[in-house]
Amino acid sequence: DMRQDSLDALSCQQALGRHERCGDYDHCYGEAEYDLKAMKISFCGQHGKEGALDEELEQIEQIGCVITALTSSDPNRKAAQCLMNATKRDGTFTFAECKKDKPEKDETQNCGNHLKPLEDADMAGTGPYEEKYYKGYPMGNATNPDHLPAVNVKACVAPCCIKAAAAGEGKQRVARRNAANLTDIHNLKEKCITPNRTDDGYIVYEGSLFIKHFHVQAQCAEGYKGKAMITPCSKSGQPYKISGCTPKLCLTPPELEKQDYQVSEHSLEMRFFSVMAQCKGLGKAVVKQCKSDMEPYVIFGCLPFTCTTNKTSADDGYQVFEASKRLDSWDVTATCAPGFEGTAKVNKCEKPLTAYTLSGCSPIKCAMAVHEELRDYDVTVTDMHVPTFSVDVKCKGVAEAGVVPAAVPCFKSNEPFKLKNCKPMECTSPRASMEDGYIVYEASRRMEKFDVKASCAKGYKGTAIVEICTEPGGPYLLSGCGAKRCIAPEAKAMKYYKLEVLSRELPSFNVGASCAEGASGVPQVTPCRKDGGTFSLSGCEPDACRSFPVDDFKSGYVVFEESLLLEDFNVSAKCAPGFKGKAVVETCTEKDVPYTLTGCVPTTCTLPSAEAAYDYDYVPQSLFKPSFSVLVKCKSGEGQGLATECAADGEPFTLSGCVPIPCLSSTKAQDTGYVVVEDSLNPKEFKVTASCQEGYMGRAKASVCPKGGYDYSLSGCTPKKCTAPSAKSLHAYEVTETSLEVPSFNVSLKCKGKPAGEAGEGGKPKATVCQENEEIYAVEGCAPLECATMPRANQTGYKLLEDSLEILEFNVEAECDLGYHGEPKAEVCEEEGGSYTLSGCSPIVCVEPPAEETYDYNVTVKSLQLPSFDVSASCKSGEGRPKVEPCRVHGQAFHVSGCKPQACLSPRKSVEHGYVVYESFL
């Protein structure tokens with residue numbers, strides 16, 4: 001038996017150790033698979049680092065192709081070919097680790113059936129173990145050993161046999177320290193299930209789904225961010241929960257970068273990135289996913305969707321304005337250049353990166369100059385188109401000084417060009433006019449058919465003669481007319497004038513005049529009408545003051561003007577009626593300025609007092625007596641208001657004619673305790689009598705209003721006021737006193753307890769107003785409050801006599817019950833139906849008697865309190881009937897009796913020991 005136990009124990013020990021090591025290896029290998037899978041997602045394939053390096057190589061090769069194309073003879077076409085025929089790199093860069101499907105595994109491990117421990121033939125307690133090592137031997141519990149060998153196999157007592165030998169299932173790992181305490185087969189079957197996931201946001205390693213040994217790891221997959229969280233299930237058969245990872249997103253690049261592309265964004269999540277693009281023009285659109293979260297994706301490969309500049313210049317007839325050459329936002333305009341005409345038109349290019357075209361402008365072509373201009377020029381025409389205009393010009397006569405003859409192009413087609421800078425083949429006018437003494441008629445000044453006639457102008461005498469010029473451009477000559485002459489007027493007529501005589505000849509008559517000192521005006525000289533006549537003077541007048549500019553009476557003066565001349569001023573004045581003072585006249589200091597009047601001021605009225613004007617609305621227009629005017633209106637609406645000017649300066653004007661504004665009735669007369677009889681409300685004839693209403697006291701008085709339109713005042717009456725009953729009288733009531741004044745008496749009551757037999761109106765308590773001032777109001781309707789009868793259960797320790805339970809008449813007599821002591825006291829309750837309180841009595845407590853009294857007794861004490869006194873005794877001697885009597889007074893000892901005292905024993909001494917003993921009572 002010992003050898004079998006040793007074999008089973010060693011088998012169990014090695015099996016558990018082997019299963020644990022195999023479990024550790026499986027766990028390690030699973031994590032290596034998990035790490036390899038995560039690495040391949042990040043580094044392998046088109047979406048990993050391999051694909052990123054392939055894309056970078058494609059872009060570098062494409063950039064090199066475009067750079068080479070831009071230096072060629074046809075850069076646009078070859079650059080487009082570079083973008084459209086880019087070499088596709090797929091698999092150029094590969095990592096050796098990406099070719100592995102799984103990590104290398106050590107198959108030399110002797111793991112056997114460690115994932116199915118109950119089938120392990122080398123683990124004690126399993127069926128295969130017994131089949132392998134004990135086949136043919138009878139088992140310890142065999143019921144028919146007759147046909148079996150004589151050797152008996154005992155029951156296995158190794159740890160693997162006591163507990164189910166389950167070292168794991170699936171990829172479960174069993175720790176060494178728990179190997180001897182494995183759970184049973186039923187518990188091993190309780191496990192979570194894998195959740196259904198609709199996305200690939202997680203890389204998951206499921207080490208064990210068993211709830212008891214749950215081990216699942218996860219991390220966010222490529223293209224996701226966050227921290228993966230695993231939450232085990234709470235019940236078997238439920239999926240565990242996985243959360244924490246959210247997709248990384250690419251952003252849309254700026255519109256400026258997308259302007260040459262037609263873009264369709266299906267998904268911006270980096271894991272499922274899907275953006276399609278086409279070129280609006282030439283090239284091949286390439287979209288590259290962003291490298292990091294919240295960065296814009298990259299788009300390239302398309303040539304600009306634009307036309308190139310037309311190299312036509314202003315010399316070709318166009319002025320161009322390029323706001324935008326893009327085909328999707330086209331804004332190029334043009335006008336015809338100077339020297340061209342028409343309507344300029346800009347045509348878009350048919351293909352991107354080709355030049356737009358211009359049309360609509362053509363050169364302006366002039367016509368030959370007019371015949372009248374050609375008479376004085378020799379002209380040789382080479383080209384009459386304005387941009388290339390070429391006309392040679394020479395003068396038939398003489399050119400203008402300092403310039404050369406020239407032809408000026410036209411501004412519109414078919415208009416004649418102009419010729420300039422040659423003097424015409426004709427005489428010029430000598431600029432003779434009527435002021436020079438001639439009247440000229442020029443029919444033709446050209447030298448080949450000269451026809452000019454003249455006569456003497458008005459104011460001249462003689463016969464006019466005209467002579468042709470001697471060379472082109474020179475003036476023809478006039479002669480034969482002489483001027484008439486005027487003479488000066490007499491000295492008296494020139495008293496107020498100063499003259500400057502330049503010419504007294506009529507055709508060129510020039511005599512200047514100004515006003516002499518002491519005179520002013522606008523001087524005028526009029527020439528004579530016949531030869532030898534006198535010219536005349538006018539416009540100057542001697543200096544004088546102007547009259548005072550306002551009406552005499554309105555300004556306060558009566559004026560007498562005899563002379564306004566500064567050299568002989570004579571004006572007198574006096575104050576007009578309604579004015580006061582002494583009039584003073586002062587001459588003006590300058591011509592045409594009014595003389596001044598001072599000294600007279602208006603007689604002025606003042607405003608009446610506010611009291612005198614209370615019944616009037618007035619608007620003063622003038623308070624001066626000469627123009628006194630005040631608009632008056634009655635405030636009461638009755639009468640005819642009139643303002644009368646004051647009698648003397650500084651006095652107020654008077655108002656009359658209006659009926660005074662009456663006092664207003666007191667709107668609160670009845671509310672404030674008054675009875676009023678109004679005979680007259682006129683403030684000047686006020687008559688109102690008043691008395692106090694019922695419920696009020698005092699001596700009423702009505703006083704006139706301070707001014708019309710205000711309430712007259714009432715005084716003297718005050719409301720009577722009730723007094724509240726005592727607290728004792730109100731003990732059964734809840735009282736709300738809103739007003740204790742008799743006119744507005746308002747006291748509401750509620751019973752704290754029950755209503756009385758005869759309650760107030762409607763069965764409710766009521767408060768009755770008092771009749772006299774400070775009299776107590778009455779209350780009725782609530783029964784007196786009572787305490788509740790003390791329950792028997794609460795009377796322990798007391799004897800009670802409940803004489804009266806009313807709170808106001810409370811009388812309960814109490815004494816301590818048998819077995820209790822103290823000073824009993826009954827205290828009244830605080831509310832209707834409440835319990836009154838008892839106090840003062842406590843149980844009598846006995847004490848144990850002295851030891852010598854209980855020497856002969858076996859005493860058992862359970863309670864020393866008298867009401868529940870429980871003390872038992874027995875006789876130590878075994879003789880007698882023990883009795884225990886409680887104490888009668890608190891603090892005294894209880895008493896035991898009834899047992900015979902214990903006898904002394906003889907010391908077994910005899911005569912032999914030297915004693916003679918007589919034992920009368922032991």
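The following paragraphs go through a predicted model, taking up in turn its salt bridges, a nonpolar surface patch, its ring contacts and the surroundings of one leucine.

The structure holds 16 salt bridges, and one of them joins Asp293 to Lys225, with the closest N and O atoms 2.7 Å apart. Asp293 belongs to the loop between strand E8 (283–288) and strand E9 (295–296), whereas Lys225 belongs to strand E3 (residues 224–231), so this pair ties together parts that are 68 residues apart in sequence. Both partners are partly exposed, Asp293 with a relative accessibility of 23% and Lys225 with a relative accessible area of 33%.

A second salt bridge is formed by the side chains of Lys280 and Asp328, at 2.9 Å from N to O. Here Lys280 sits in the loop between strand E7 (274–279) and E8, and Asp328 in the loop between strand E11 (318–324) and strand E12 (331–336), so that parts 48 residues apart in sequence are tied together by the pair. Lys280 is partly exposed at 29% relative accessible area, and Asp328, at 37% relative accessibility, likewise counts as partly exposed. These two residues also belong to a network of salt bridges that links Asp260, Lys280, Arg326 and Asp328. Elsewhere in the chain, Glu442 and Arg445 meet through their side chains in a salt bridge with an N to O distance of 3.3 Å; Glu442 is partly exposed, its relative accessible area being 36%, and Arg445 counts as partly exposed at 25% relative accessibility.

The surface also has a nonpolar feature, for Leu249, Leu251 and Met294 make a patch of about 230 Å². Within this group, Leu249 is placed in the loop between strand E4 (241–247) and strand E5 (250–251), and with a relative accessible area of 34% Leu249 is partly exposed.

Turning to the rings, the structure holds 15 aromatic pairs. In one of them, the ring centres of Phe450 and Tyr476 lie 5.7 Å apart and the planes stand at 65 degrees; because planes over 60 degrees apart count as edge-to-face, the pair is classed as edge-to-face. Phe450 is in the loop between strand E19 (438–444) and strand E20 (451–456), and Tyr476 is in the loop between strand E21 (460–467) and strand E22 (477–483), so the pair ties together parts that are 26 residues apart in sequence. Phe450 is partly exposed at 23% relative accessibility, whereas Tyr476 is buried at 2%. In another part of the chain, ring pairs link Tyr129, Tyr133 and Tyr134 into a cluster.

Rings also take part in contacts with charged groups. Lys191 lies over the face of Phe210, at 5.4 Å from the ring centre, and the charged end of Lys635 is placed over the ring of Tyr614, 5.1 Å from its centre.

Apart from neighbours within four places in sequence, Leu537 is in contact with Pro489, Ala493, Met494, Tyr497, Leu499, Ala513, Gln524 and Val525. Leu714, by contrast, is 177 residues away from Leu537 along the chain, and the C-alpha atoms of these two leucines are separated by 95 Å.

How values were computed:
Residues numbered from 1 in each chain as written. Predicted model: local features only at pLDDT ≥ 70, side-chain atom pairs only at ≥ 80, totals over all residues. Heavy atoms only, no water. Contact = heavy atoms within 4.5 Å. Phe/Tyr/Trp six-rings, centres within 6.5 Å; stacked < 30°, edge-to-face > 60°. Helix = DSSP H or I, 4+ residues; strand = E, 2+ residues; numbered from the N terminus. Buried < 20%, exposed > 50% of the residue type's maximum accessible area, 1.4 Å probe, protein only. Lys NZ or Arg CZ within 6 Å of the ring centre and 35° of its normal. Patch = residues over 30% accessible without salt bridge, like charges linked within 9 Å, V, L, I, M, F, W, Y side chains within 5 Å. Areas by Shrake-Rupley, 256 points an atom, 1.4 Å probe, with all protein chains shown as cover. Salt bridge = Lys/Arg side-chain N within 4 Å of Asp/Glu carboxyl O.
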